[in-house]
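Visitor: Hi! Could you walk me through this one?
Guide: Happy to, let's bring it up.

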Amino acid sequence: MTNHWSDIKNTDLVLIMGGNAAEAHPCGFKWVTEAKAHNKAKLVVVDPRFTRSAAMSDYYAPIRTGTDIAFLGGVINYLISNDKIQHEYVKHYTNATFIINEKFELNEGIFSGYDETKRRYDPSSWGYELDHDGYAKVDETMQHPRCVYQILKKHYSRYTPELVSQICGTPQDAFLKVCEHISSTAAPNRVMTIMYALGWTQHSQGSQMIRTGAMVQLLLGNIGLPGGGMNALRGHSNIQGLTDLGLLSNLLTGYMTLPGEKEQDYEKYVAARTLKPLRPNQVNYWQNFPKFQVSLMKAWYGKAATKENNWAFEYLPKLDKQYDVLQAFELMGQGKMNGYICQGFNPLASFPNKAKIIHGLSKLKFLVTMDPLATETSEFWKNFGPYNDVDPAKIQTEVFRLPTTCFAEEDGSIVNSGRWLQWHWKGAEGPGEALTDPEIMAELFVRLRALYAKDGGAFPDPIMNLEWSYRIPTEPSPEELAKEYNGRALVDLTDPKDPTKVLLKAGEQVPGFAMLRDDGSTACGCWIFAGCWTQAGNQMARRDNSDPYGIGQTLNWAWSWPANRRVLYNRASSDAAGKPWNPHHKLVFWTGDKWGGSDVPDMPPTAAPDQNVGPFIMNAEGVARLFAPTGLADGPLPEHYEPFESPVPVNLMNPKNPKAFSNPAARVFKGDMEAFGTSKDFPYAATTYRLTEHFHYWTKHVDVCAIIQPQQFVEIGEELAKEKGVKAGDKVKVRSNRGEIIAVAVVTKRIKPLDCGGVKVHHVGIPIHWGFKGVARMGYLANTLTPFVGDANTQTPEFKSFVVNIEKA
Amino acid sequence: MASLQSLDIKQRSATTTSSPSVRRQTEVSKLIDVSKCIGCKACQVACMEWNDIRDEVGVNVGVYDNPPNLTENSWTVMRFTEYENTEANRLEWLIRKDGCMHCADPGCLKACPSPGAIVQYSNGIVDFVQENCIGCGYCVAGCPFDVPRISRKDNKAYKCTLCSDRVAVGLEPACVKTCPTGAITFGSKEDMIEHGQERIVDLKERGFQNAGLYDPPGVGGTHVMYVLQHADRPEIYHGLPNDPSISPTVSLWKGAFKPLALLAMGMTALGGFFHYIKVGRYDVDAHAPDEEHEEEVR
């Protein structure tokens, strides 16, 4: 989230699209009801199904699954053609004025720089035109044909209401009604929040869907304002913490990236990440990359990380490719990955194409699962009749099940969607032999290190030199880990301007990331968490909910990264002169000599407005990117592509170019393309989702949750049900090209057929929560059906859009 | 629930003993704002956990409602109705939390022949005292909302207590405490009516011209009230009675037959007779009206 949960109460309009907050985030949804009750906010929901969120809405519009870019592209077109733009904001706070390289083009849905054989783009033609000083050229009038605003205008002029309606199946009047609601927030004193979740992430073009939403918000001037923002609703408790701490295979902590195999040279690795400002006077915060990276290496390797050995750069793995989970299971299937430690997740249930996952797991030599529950994955080898029809005699994988405590059985912090690190205390001891995850990991590490010490090995240094000075080496405590993330001074830190002045004594906790240095004098496990456990103690444990400005800015409740800042880019809540856009919801404003207000300013505190320091300090431009010259694998502007499995035969946006049917830059493994189904055999659009009554595959182990939603079902509309002779409560068989499931049919008015350019599209809704372990009735894993392809940038699987057939069972 | 020392009993079934009246106790009410309810069923779970009741893990019968009906172990269930609002040309998913309404004039209590099996506290809560319950099922017949259920395990009647044990010590009912959206609120009946009126103003501004409070006079008003988007048509909310009142049979029993009620022998015989009819019929017919209704509105 750019903003945070309680801030939603400040909004004038909530758009829920690509998510179903009332269903999947019921506690957070209370802030929507709060905005409605006390701020007269309206709620608009766009979804293939009339959801629980839609039930609470002021306006609902249906959409075909996977077509959100077409819809939002149409919104952009509407905003530009009806002059519903927050002009001052767009001019000063976005790259609308920037001029793009003349080599950039879009040809029938494919951007310049495409290599079809590799399914990859070379983004060099997407860059800015630079002047002699290396700064991007701009045109303040935004009339230059190659300035971002003009490119944007031209690009989305193709997204007409007629075409949007044909692609999305949204009736034109409904689409325009949504546009009307959204465009009302172009007024500087009105603001919209977008709440989205996996309904945008889990598509082969998921990152770009989210980007399109962000672009709409930028054109309306809704980012950085109270009640505004792009608000990703995180699903798993602490999935935000997972990404913050770099648990994705290509990340280090705090969103720093690992080197690629071509980056063997430390200087080049650092230079590529230490950005140069693209406009004069910009903060360009990533220029501090070396301070964060060196401090991380000091936290990990202590004295073994020296200037001479490039801070132990050679210990870091150099990636030949991304090792995301889809890649991992592909490699297992190829016999190239032989062992797997599965910590706190249940891939057999959670990843696409169950048959492929079973195949991969069956080829492993060993599988370790660490989980509080007996997961499906830990029993993938066991026959559960039709629900898991395998032959255990043919599976040789050795499975180790290590029981862990659950979140309520341990102390620690959880990062919520709004980036708050909230410390919590255990409510009970774990049962039986359960250990906490850090205890298990520490036991493994200490024993591995002993083996290396005894037997040596190919490359023992990264193991032998790992800093491991916990009080009890096999039980690092949550407090020790938290303090390590925050970081500390390794020597007395003196003021660069006055070397006699000691700012922090050796061993003291740093107050924030501004204290971090690139000379090895500081250690910090995760730079964005610096400030969470300072000399003043555990900031995450703070529980003062006083709200002096009355807009939900409780700066003394827990601690928020970065720097306890609650709303990112909050300087944009004021105009270029530093005056709040909305005097009733003041966030950060210029007080005459500094930035002040109800939040920690996202700006150098004394940078006066006339210095033109942009509010988007993490970008080298200082402004937000309507056009992304770098950073995305699949194009600088979002373009509508069909899901890899689509119920329609052509992409109406680029009907003449079959290469632009689905995302041309998405990675597809050999064999998986062949496993995609077509609309001929599988005519219905399918989408998977969660229900309020359950949490993923966990709560089917809980009696009360099993009682309130006991048995697997799928949802179909009345018309499709009638066609198939299915009544509510009948069993139906749902088939994709990868497998089939049998479930009870819920026949509903809430799913209606959509007219997509002459093709009548029915949706089949597939809740995911059942499996063959737990106390709820046994069911099929929904991912028996889903396709093995992910988003071109994140590789998040396309769980939300695929095709199926359905019949009465 | 047995008598609670901090709650005065105002009425006691089949008893003429006068009630205590020294303490001043506020009439309470739960207000369920249907327009804010997302049907998450957290209230069902809270109810199960606070009251230590569990139904069996059932089946899906083709709807979101689960368990599909009130039982002796499920004192509250969510009722989902898909309603095509043809006037406004929109679909509405109406989700109503069903359970005991705690009538000011409780039909169950009136019908109950067993002394002290049903009580009404001076704060308005109607409670079943299972140790006094003879399982005759009169309360089932006496209830205009089809709420009480007779347990097959101990043959006693059960229903929502409005968490009288929590309220007695100054806590809100468990469902209220757990509701994530603030759709269920609890307080004095006066305050709840006022809060309901505010909500109605908001709903009218959002185009629900007939929004209103459900506090039906036919049962003397209730201590569980609803804010409805369509208060002119309560029946679309999964058969919420339009104008509930106590069945004439019960009124007759309490009117003309009351003097005879002191004749214990006669009462027992009659009780046995009604028990046979009512409990038998209840088992067979309990689901039928709901299914019929579903066909009509779904």
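Visitor: How many helices and strands are there in chain A?
Guide: This is a predicted model, and its chain A has 21 helices and 31 strands.

Visitor: And what is the radius of gyration of chain A?
Guide: The value is 26 Å, close to the 28 Å that the globule rule gives for 809 residues, so chain A is as compact as a globular protein of that length. Its C-alpha trace spans about 85 × 70 × 55 Å along the principal axes.

Visitor: What share of the residues of chain A count as buried?
Guide: That would be 53% of the 809 residues. As for contacts between residues at least 6 apart in sequence, 71% join residues at least 24 apart.

Visitor: Switching to helix packing: how do the axes of α4(A) and α6(A) cross?
Guide: Helix α4 (residues 68–81) and helix α6 (residues 148–157) of chain A have axes that come within 9 Å and cross at roughly 120°. That angle makes α4(A) oblique to α6(A), and the crossing is left-handed.

Visitor: Which residues make the contact?
Guide: From α4(A) there are G73(A), I76(A), N77(A) and I80(A), while α6(A) brings K153(A), Y156(A) and S157(A). They divide into three nonpolar, three polar and one charged.

Visitor: New topic: where does I463(A) lie?
Guide: I463(A) is in helix α18 (residues 461–464) of chain A.

Visitor: Why is I463(A) classed as partly exposed?
Guide: Because 16 other C-beta atoms lie within 10 Å of I463(A), and a residue needs 20 or more to be buried and 12 or fewer to be exposed.

Visitor: What is I463(A) in contact with, leaving aside neighbours within four places in sequence?
Guide: Those partners are L448(A), R449(A) and Y452(A). Also, the C-alpha atoms of I463(A) and Y301(A) are separated by 9.5 Å, with the two residues 162 apart along the chain.

Definitions and conventions. Residues numbered from 1 in each chain as written. Chains lettered and ligands numbered in written order. Predicted model: local features only at pLDDT ≥ 70, side-chain atom pairs only at ≥ 80, totals over all residues. Axes fitted to C-alpha atoms, helices over the stretch in contact; angles between N-to-C directions. Helix = DSSP H or I, 4+ residues; strand = E, 2+ residues; numbered from the N terminus. Parallel < 35°, antiparallel > 145°, perpendicular 65-115°, else oblique. Left-handed = near helix turned anticlockwise from the far one by under 90°. Contact = placed C-beta atoms within 7 Å. Nonpolar A, V, L, I, M, F, W, Y, C, P; charged D, E, K, R; others polar. Rg over C-alpha atoms; globule rule 2.2 N^0.38 Å.
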